[in-house]
Number of protein chains: 2
Amino acid sequence: MTQAGAARPRRRNDPEAVRRRILDAAVAAFQTGGYHSTSTHEIMRLAAVTSGALHHHFATKKSLGLAIIRERVAQAIEDTWVRPVTTTDSVTEAILAAFDQISGSIEKRGEVYGCPLNNLSLELSAADADFQSALNEVFVRWQSAIGDRIRADQAAGRLGQFDADALATFVVAAYSGAMAMAKTSQSSAPLRVCAHQLKRILEA
Amino acid sequence: MTQAGAARPRRRNDPEAVRRRILDAAVAAFQTGGYHSTSTHEIMRLAAVTSGALHHHFATKKSLGLAIIRERVAQAIEDTWVRPVTTTDSVTEAILAAFDQISGSIEKRGEVYGCPLNNLSLELSAADADFQSALNEVFVRWQSAIGDRIRADQAAGRLGQFDADALATFVVAAYSGAMAMAKTSQSSAPLRVCAHQLKRILEA
C-alpha cells in the first residue's frame, strides 16, 4: 500500500482550519504592530484567505479582536501563569519560574514584543467597553489563580501572612510593568530585577 | 488709558503658539486614541491649523510623535515623579503621594486613559528604534530620580538597606503595571492596592 493510497483525502473545505489560520495570523500581527495598525487586508494576506472566508468567520474586525482576546490571549495567560501556579510546588516557585521563562525567551530571541494582554489592554481598554470587559476578565482570572494559590500555600504553612488578593494584584502589576519596561529597553533586565525583588518579598 | 489702548497689538503670526497648539492637540489625541489611530488631519482639525502650518513645524507625523515624547511625556514624568521625589521629605512619602494623586484624579474623572509614557511605549517601542530610544530615555530619567533619592534617604538613615537601583526599577514597574490594570478595569483600585504594598515594603 503506497503512502499516497493510505492518506485520507485532503479536505479542501475545512472551516475550523481556516478559522485557526485567521487567528494565527491576527494574533501575530496584533502582537507586533497592534490592533489598529493591522488592516483586515493584511490579515487576509497573512492567513492566505479570501475576504469571503474572513467575513464568514468574523463579520467585523472587532469580532476578530474579541476572539483573539477570549481565545488566544486568555490561553497565553493560562499556559504561562494559571497552570504553573496551580501545579508547581509553591506560588513563589511558580511566579519566579514564569518570570525566568519569559526572560529566557527574550534573551534567546533578542527582541521584545511584550505581553499580549498588556499590549491590547493599553491600546483598546479606554476606547471600547467590549474590549475593556474582555481584557479585564483575563486580568481577573490571572489574579484569581495567584490569589487562590497564595491562600493554599498559607493554609499549608508555606507562605507568610500576606493579604492574598492584594499580593496577587501586586505580582501581576510588577510583571506587567516590568514587561513594559523590557519592551521599551528591548532587554530582559527589568524582568530579572523585578523577579529578584518579588523573591525577597515572598520569602520574607 | 483704556485697556484696549494698553494691550499690545495681538500678533497674528506667532509660530511658537501654533507649535504649542499642535502639541496640545496631539498629546490629547494620542492619549485617548493612540498614535497610529490619530491621523494628521485629525490633529490639524483639533489644533485649528492648516496643513502648511503643521508641516512647517513637523515635517512628518513621526517628528511630531518624537516631540510629544521628548517634550510633553517627559514633562509629565518630571512633574508627577521627578520633582516630588527630589523635593518631598522622603522617597517613601513622594512615591505614595504620586500614587495617591493619580488615584484621586482617576476617582474624580471616572475614566482612566492610563500613563502616557506606558501607552506610547507599548504602542511604539517594538515598531521603531527612534521612538523606543526616546521613550526609554524617559523611563531611565524616572528610575534615576527615584534611585538617587533612595540613596540620599539611606545616607541620611531614613531608609533600610535596599539595592537602590533595583528598588527604583521595581517601583516604576509596580506603578506602570498597576496603571495598566487601572486602565483595563477602569478603576483606581489596582493603584491603591499597589501603593499599600509598596508602603509595607519601603517601611519594612
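A salt bridge is a side-chain nitrogen of Lys or Arg within 4 Å of a carboxyl oxygen of Asp or Glu. By this rule there are 28 salt bridges over all chains. This is a predicted model, in which local features need pLDDT of at least 70 and side-chain atom pairs count only at pLDDT 80 or more, while totals for chains, interfaces and linings use all residues. Residues are numbered from 1 along each chain as its sequence is written, chains are lettered from A and ligands numbered from 1 in the order in which they are written, and side-chain values use heavy atoms, with hydrogens and water left out.

**View 1**
A:Arg19 forms a salt bridge with A:Glu71, and their closest N and O atoms are 2.7 Å apart. A:Arg19 lies in helix 2 of chain A and A:Glu71 in helix 5 of chain A, so the pair ties together parts that are 52 residues apart in sequence. Helices (H or I, at least four residues) and strands (E, at least two) are DSSP runs, numbered from the N terminus. Chain A has 10 helices and 0 strands. Its C-alpha atoms fill a box of roughly 60 × 50 × 30 Å, taken along the principal axes.

On a 1 Å grid over the protein atoms alone, a pocket is an open set of points with protein on both sides within 12 Å along at least five of seven lines, whereas a cavity is a set of points where a 1.4 Å probe fits but cannot get out; lining residues have an atom within 4 Å of a point. Grid points are joined across faces, edges and corners, and a volume is the space filled by probe spheres set on the points. The largest pocket has a volume of about 460 Å³. Its lining has 21 residues, and A:Gln31, A:Ala76, A:Gly114, A:Cys115 and A:Pro116 lie nearest its centre. Helix 2, helix 5, helix 6 (91-109) and helix 9 (164-185) of chain A each give two or more residues to this lining. Helix 5 of chain A provides the largest share, 6 residues. By class, the lining divides into 13 nonpolar, 6 polar and 2 charged residues. Here Ala, Val, Leu, Ile, Met, Phe, Trp, Tyr, Cys and Pro count as nonpolar, Asp, Glu, Lys and Arg as charged, and the others, Gly among them, as polar.

**View 1. The second largest pocket, with residues of chain B at its centre.**
The second largest pocket holds about 370 Å³ of space. It is lined by 19 residues, of which B:Gln31, B:Ile102, B:Gly114, B:Cys115 and B:Pro116 are the closest to its centre. Helix 6 of chain B gives the most to the lining, with 5 residues. The lining residues are 13 nonpolar, 5 polar and 1 charged.

**View 2. The largest cavity, in chain A.**
There are 3 cavities of 30 Å³ or more. The largest cavity has about 50 Å³ of space. Its lining consists of A:Val27, A:Phe30, A:Gln31, A:Ile68, A:Val73, A:Pro116, A:Asn119 and A:Leu120. At least two lining residues come from each of helix 2 (15-33), helix 5 (61-87) and helix 7 (116-124) of chain A. Of the lining residues, 6 are nonpolar, 2 are polar and none is charged.

**View 3. The interface of chain B and chain A.**
The contact (heavy atoms within 4.5 Å) takes 40 residues from chain B and 40 residues from chain A. The two chains bury about 3,300 Å² between them, 72% of it on carbon and sulfur atoms. Buried area is the accessible area (1.4 Å probe) that two parts lose on being put together, summed over both. Across this interface the rule finds 0 salt bridges. On the side of chain B that touches chain A, helix 9 of chain B gives the most, with 15 residues. The residues of that side divide into 21 nonpolar, 17 polar and 2 charged.
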